[in-house]
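Visitor: Please take a close look at one interface in this model, and describe which parts of the two chains build it.

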Amino acid sequence: MLQNDPDRLFPVDQASRPIARELYESVAKLPIISPHGHVDPRLLHDDEAFPNPAELFVRYDHYVTRLLHAAGIPLTTLGIPDTSGAVPTGEPRDAWRALCSNWRLYAGTASGYWLSNIFAEQFGITEEPNASNADALFDRISEQLATPAFRPRALFAQFGIDVLATTDDPLDDLAIHDALAADPTFSGRVIPTFRPDAYINPRTTDWAGRVERLAAWSGSAPSDYRGYIEGLEGRRHYFVEHGAVSADHGVLQPLTVELDTAEAESLFAAALRGTLSDADAARFEAHMLFQMARMSTEDGLVMTVHAGVHRNHSADTFHRFGPDTGHDIPVATQWVEPLRPLLNAFGMVEDFHLVLFSVDETTYSREIAPLAGFYPSVYIGAPWWFLDAPDAVLRFRAAVTETAGFSRGSGFIDDTRAFLSIPARHDMSRRLDAAFLARLVAEGRLGVDVAHDILVDLVSTQPKKVFKLDR
Amino acid sequence: MLQNDPDRLFPVDQASRPIARELYESVAKLPIISPHGHVDPRLLHDDEAFPNPAELFVRYDHYVTRLLHAAGIPLTTLGIPDTSGAVPTGEPRDAWRALCSNWRLYAGTASGYWLSNIFAEQFGITEEPNASNADALFDRISEQLATPAFRPRALFAQFGIDVLATTDDPLDDLAIHDALAADPTFSGRVIPTFRPDAYINPRTTDWAGRVERLAAWSGSAPSDYRGYIEGLEGRRHYFVEHGAVSADHGVLQPLTVELDTAEAESLFAAALRGTLSDADAARFEAHMLFQMARMSTEDGLVMTVHAGVHRNHSADTFHRFGPDTGHDIPVATQWVEPLRPLLNAFGMVEDFHLVLFSVDETTYSREIAPLAGFYPSVYIGAPWWFLDAPDAVLRFRAAVTETAGFSRGSGFIDDTRAFLSIPARHDMSRRLDAAFLARLVAEGRLGVDVAHDILVDLVSTQPKKVFKLDR
Amino acid sequence: MLQNDPDRLFPVDQASRPIARELYESVAKLPIISPHGHVDPRLLHDDEAFPNPAELFVRYDHYVTRLLHAAGIPLTTLGIPDTSGAVPTGEPRDAWRALCSNWRLYAGTASGYWLSNIFAEQFGITEEPNASNADALFDRISEQLATPAFRPRALFAQFGIDVLATTDDPLDDLAIHDALAADPTFSGRVIPTFRPDAYINPRTTDWAGRVERLAAWSGSAPSDYRGYIEGLEGRRHYFVEHGAVSADHGVLQPLTVELDTAEAESLFAAALRGTLSDADAARFEAHMLFQMARMSTEDGLVMTVHAGVHRNHSADTFHRFGPDTGHDIPVATQWVEPLRPLLNAFGMVEDFHLVLFSVDETTYSREIAPLAGFYPSVYIGAPWWFLDAPDAVLRFRAAVTETAGFSRGSGFIDDTRAFLSIPARHDMSRRLDAAFLARLVAEGRLGVDVAHDILVDLVSTQPKKVFKLDR
């Protein structure tokens with residue numbers, strides 16, 4: 001039997017379970033706000049049928065491919081092309097069989113939870129996937145995907161998505177977003193997000209090329225630091241004009257520093273020449289993160305920071321298969337000292353919003369909740385990546401709430417590439433928040449009416465407020 | 001309704017809740033031992049009525065002002081004076097209105113729990129504070145505060161406080177303590193605590209001035225390192241003679257080092273000249289922490305160390321409003337290597353007591369419990385600051401008990417400036433210890449009679465033993 | 001009453017407790033697989049009666065002696081000889097009295113749990129040890145120990161041990177293992193483990209002497225780096241031929257580096273001359289850990305790494321009483337960057353198994369589970385040392401499962417010197433895994449039949465697979 005208990009994730013004791021169920025039911029059907037994620041806007045623009053279950057559930061989901069890879073199944077079998085061309089890419093049906101035959105690997109995992117939920121609720125599947133039923137399930141799902149009800153726009157409406165933010169290259173012309181917005185047959189709100197990592201971290205592959213293209217857009221000389229900064233400001237403005245509400249930043253450590261223009265120019269020049277030391281590259285990146293905050297205080301884009309991930313740990317896999325192939329690994333993260341220059345400069349600026357996403361859960365109670373409990377600009381990012389999972393989410397709530405209450409959180413962020421997982425993820429978040437609040441009620445720490453108001457806030461009000469979606 | 005469930009904080013399952021209730025009831029009314037805190041002894045000396053609820057519950061409680069500040073309310077509105085004089089300080093009634101109008105910010109927080117408990121139990125308030133009832137509550141509480149029953153000494157007796165330790169400047173003449181002790185109309189025990197941070201950390205504002213005043217007291221030359229050390233010894237002795245049982249130390253990291261006298265003298269001289277490098281300042285402070293331990297082995301003062309807080313994170317707020325204004329933020333802390341010199345020198349000295357307070361909860365199971373589980377001198381400080389909250393306390397107990405049992409803890413420390421919160425805090429601690437023990441009983445890990453004995457120990461015996469109050 | 005509840009460690013709520021009980025009962029009697037531990041093989045070879053309860057439960061168990069030492073009882077009283085000879089070693093009966101008189105120190109600890117379980121189940125004791133019954137218990141246990149049923153081999157059979165791995169010096173001739181294997185009257189499988197720390201860490205006492213003895217065995221010159229490497233390869237081969245399946249490595253931080261032969265030779269020569277800097281010693285050790293992985297890919301020995309313990313924190317105790325006397329203290333550990341060179345070289349090598357044991361629990365969710373969730377070679381070591389305790393084990397399961405599922409763990413490892421504690425420890429692990437799985441079932445996250453299959457895997461299949469015992 002595929003797990004899909006209607007009371008799933010609620011506390012198991014008889015005192016708090018009914019409270020959790022009642023709280024959950026009051027928000028279960030509220031619209032979905034998705035202010036940060038990685039769905040390709042082309043999906044909704046083109047509105048074509050998803051090709052098959054392997055493309056949909058395996059190939060692009062590195063949460064899923066990871067565990068199959070750990071079990072010894074080559075990434076090529078899962079449909080991921082080997083860029084060296086040395087090994088042929090597997091067939092979708094083989095990737096799907098690999099998933100079904102190894103279904104038990106996902107027992108107890110967040111991916112297993114989401115996939116079960118999607119299979120059961122969206123496809124009406126009742127049997128646990130396995131080697132024997134893999135082909136039948138492949139055919140069954142493929143058939144369903146071919147129907148109009150499974151087209152992206154139909155699902156968008158069925159899921160009840162109110163807003164969906166994508167993540168975009170700063171030089172993207174956002175034509176897809178414009179087309180979607182202009183399309184009278186599609187009423188959903190799909191907004192871009194400015195993601196400048198590759199333009200502000202001089203260690204990125206082809207950073208100089210990006211700087212050059214940015215200069216070409218803004219009409220300045222590529223070697224002109226002033227033009228570089230103005231180019232970024234210009235592109236942010238372009239994003240704002242096209243509906244963006246936030247700028248997202250991925251860094252190893254959230255280092256920030258305020259440099260004078262002379263030093264910044266000198267580091268910029270060295271970076272273009274390729275003569276920047278590692279320490280100076282980190283210094284320049286820290287300067288640029290500081291500048292991004294400064295720009296946010298000027299153009300109003302919410303600043304989100306995702307820190308603490310060592311990207312592409314396996315050099316060989318990165319070389320053969322590229323990024324986002326399952327070996328980004330979290331590391332211990334510090335927020336307090338690294339963010340101090342930024343917060344001393346901008347932490348009190350009115351209407352500046354800075355959302356901190358951590359994948360080092362030790363920082364929730366120690367650093368992030370205390371920072372968000374003082375600085376009006378700082379919000380606690382929802383549990384991210386490996387921590388977006390039932391037990392981890394409850395640990396997160398327990399870690400931050402006693403210090404910062406419920407008003408300092410970002411609201412839930414699904415952060416997903418997997419379009420079909422969006423309702424499963426938001427539903428999981430709502431169940432867990434209901435479970436957490438129900439415990440506080442049962443422990444005499446919160447009235448049930450207050451808990452109800454807070455849950456509605458968490459689902460609806462807070463993400464709109466933090467991401468400035470209600471303007 | 002204001003929350004004040006008689007079963008609050010007990011486990012919610014039906015097996016352990018009755019056990020917790022029964023355990024709690026056996027200690028609920030035991031006298032309060034408060035061996036570390038920040039109540040001003042003048043409060044009890046002068047025994048004047050508290051002026052109004054804003055002064056009492058908002059103005060001085062940076063746990064409370066933090067979340068209001070994060071919600072965008074200026075500290076001046078909360079009654080905190082802007083030392084630049086640029087903005088007038090708000091009226092008490094406005095500060096109180098800010099609290100009541102934003103009461104929901106505290107849902108689920110430790111401060112919200114304490115305030116609810118105080119309002120309900122001490123003032124008989126049954127309605128949740130809000131914008132509409134703020135003025136009525138202000139008047140009601142103000143009236144009660146004007147009655148004799150709400151004078152500090154009456155509350156001291158009503159709370160059942162057995163011992164209350166204050167925190168004092170090393171050069172304080174302790175006249176207030178002497179007067180209290182000599183007062184035949186007051187029978188409470190109020191003892192000073194030696195807190196020398198500003199005298200031993202050469203980076204402190206006006207360190208040289210303090211060294212000079214210390215020298216003036218002891219009659220040595222300010223530049224005489226030997227006189228500086230003897231001056232500190234002399235002041236500790238003075239505190240011992242006036243009833244102190246402990247010396248408290250706040251440090252960023254608990255670094256210790258044993259320096260020879262020549263190097264110590266040279267660093268001391270450089271510190272007075274203001275030519276000490278950052279690294280050498282840290283080295284001198286580490287040397288002085290080592291010296292404080294040495295002195296404790298000689299004069300018997302219990303050594304308490306509070307580490308791991310980045311003080312005054314917001315430079316602007318510190319500049320305008322001074323310290324303790326809500327932006328002290330914890331950082332990752334190490335204890336094992338930094339304390340090794342100190343513990344190798346003094347860890348086995350008979351009757352030396354060293355209590356370690358951490359606000360980095362990762363160190364509870366990893367470092368502090370293992371250290372306290374071997375060194376006879378080391379005790380595990382109760383959860384401190386942001387961690388003095390229901391879920392955090394249960395995490396603390398779960399983290400340390402399996403390694404160190406119950407005998408290596410400090411007993412509960414309220415560490416508060418908020419006099420009225422003392423019974424609420426001790427009550428919370430007793431409920432949580434009862435809850436933790438009840439779980440162990442229900443899980444078959446502890447007999448209920450043993451659990452009862454342990455709980456009495458935790459409340460009464462252990463803090464007296466660790467802080468040498470039973471002598 | 002001595003605690004021995006048949007439902008101990010199961011969840012206390014009425015929904016999950018019966019599920020846990022049923023799951024547990026299905027594996028309670030399965031054979032014990034013990035692929036890593038510290039039992040002396042002589043014990044089984046000689047098969048002599050244990051002398052007395054103090055030798056058995058106090059003297060050699062630094063989990064137990066720690067808390068008595070913290071309570072002020074000298075190690076000599078506990079039967080540990082002072083190598084300086086300054087203080088006479090206490091009598092066994094005194095050590096036993098110390099334990100019984102201080103029994104309450106162990107309330108809530110893992111040691112207290114194991115000892116209670118052993119006393120109750122193996123010796124039929126029903127009363128809690130205390131000062132009054134200490135002598136009677138000593139006599140009673142001593143009598144039982146003198147009976148044939150309490151001989152090591154009889155217990156080995158009674159415990160249902162399938163495989164027991166010991167930990168051995170690389171130059172051990174393994175004659176005891178051979179004799180045991182050849183003994184027709186003993187059918188147990190007792191296998192050695194290669195533990196080369198003292199041969200590959202040049203900071204170890206007498207490292208040069210060990211290198212010399214290794215060279216003598218292999219017939220090379222002691223100063224010959226090539227011979228040193230080949231000698232280690234030869235000894236590993238010798239261990240493989242004598243039944244070893246794994247090589248175990250204890251390091252402070254799991255640093256690895258790939259050096260070219262010239263640099264390795266130069267560091268080796270400096271190490272022999274005693275002129276290696278601390279940094280270079282760490283570099284050489286990191287190189288040797290890398291080499292150990294390389295050898296594992298060639299000879300098939302499973303590589304286990306135990307990292308993050310500051311050994312012998314108290315210099316004085318180490319000097320007087322030697323290692324393993326209760327003051328090894330965990331420190332913050334990093335795995336992601338330090339292991340990268342090793343994993344980039346060998347992480348994908350077929351049939352390479354690398355098991356990571358951490359005593360810094362923050363690394364479970366942050367680093368180890370994500371690494372094991374991608375690299376086919378990496379397995380998550382069971383909670384180790386201070387973390388092998390009921391609450392810590394449940395925290396471990398909650399931390400790793402959502403990221404890595406159940407298939408990436410090592411299975412339970414008792415890691416003990418205390419032979420009689422083996423069944424208590426494995427039983428505790430089975431109960432806790434049953435408890436964890438029961439919660440997932442009750443929360444609707446796992447079917448009960450799947451939970452049952454997983455539990456059998458955890459107890460039987462997984463340790464055999466990870467430690468290559470099924471070949």
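Guide: Across the interface of chain C and chain A, in what is a predicted model, the rule finds four salt bridges. One salt bridge joins the side chains of Asp391(A) and Arg439(C), with an N to O distance of 2.9 Å. On the side of chain C that touches chain A, at least two residues each come from α16 (340-346), α17 (362-372), α18 (390-404), α19 (422-442) and α20 (448-466) of chain C, and the largest share, eight residues, is supplied by α17(C). Sorted by class, that side of chain C has 21 nonpolar, twelve polar and eleven charged residues.

As for the extent of the interface, 44 residues of chain C are in contact with 45 residues of chain A, and the area buried between chain C and chain A is about 3600 Å², with carbon and sulfur atoms giving 55% of that area. Within chain C, the residues that lose the most area to chain A are Arg366(C), Phe374(C) and Glu402(C), which together account for 21% of what that side buries.

For reference, the interface of chain B and chain A takes 45 residues from chain B and 44 residues from chain A, and these two chains bury about 3500 Å² between them, 55% of it on carbon and sulfur atoms. There the count is four salt bridges, and the side chains of Arg366(A) and Asp360(B) meet in a salt bridge at 3.2 Å, N to O.

Definitions and conventions: Residues numbered from 1 in each chain as written. Chains lettered and ligands numbered in written order. Predicted model: local features only at pLDDT ≥ 70, side-chain atom pairs only at ≥ 80, totals over all residues. Heavy atoms only, no water. Contact = heavy atoms within 4.5 Å. Buried area = accessible area lost by both parts, 1.4 Å probe. Helix = DSSP H or I, 4+ residues; strand = E, 2+ residues; numbered from the N terminus. Nonpolar A, V, L, I, M, F, W, Y, C, P; charged D, E, K, R; others polar.
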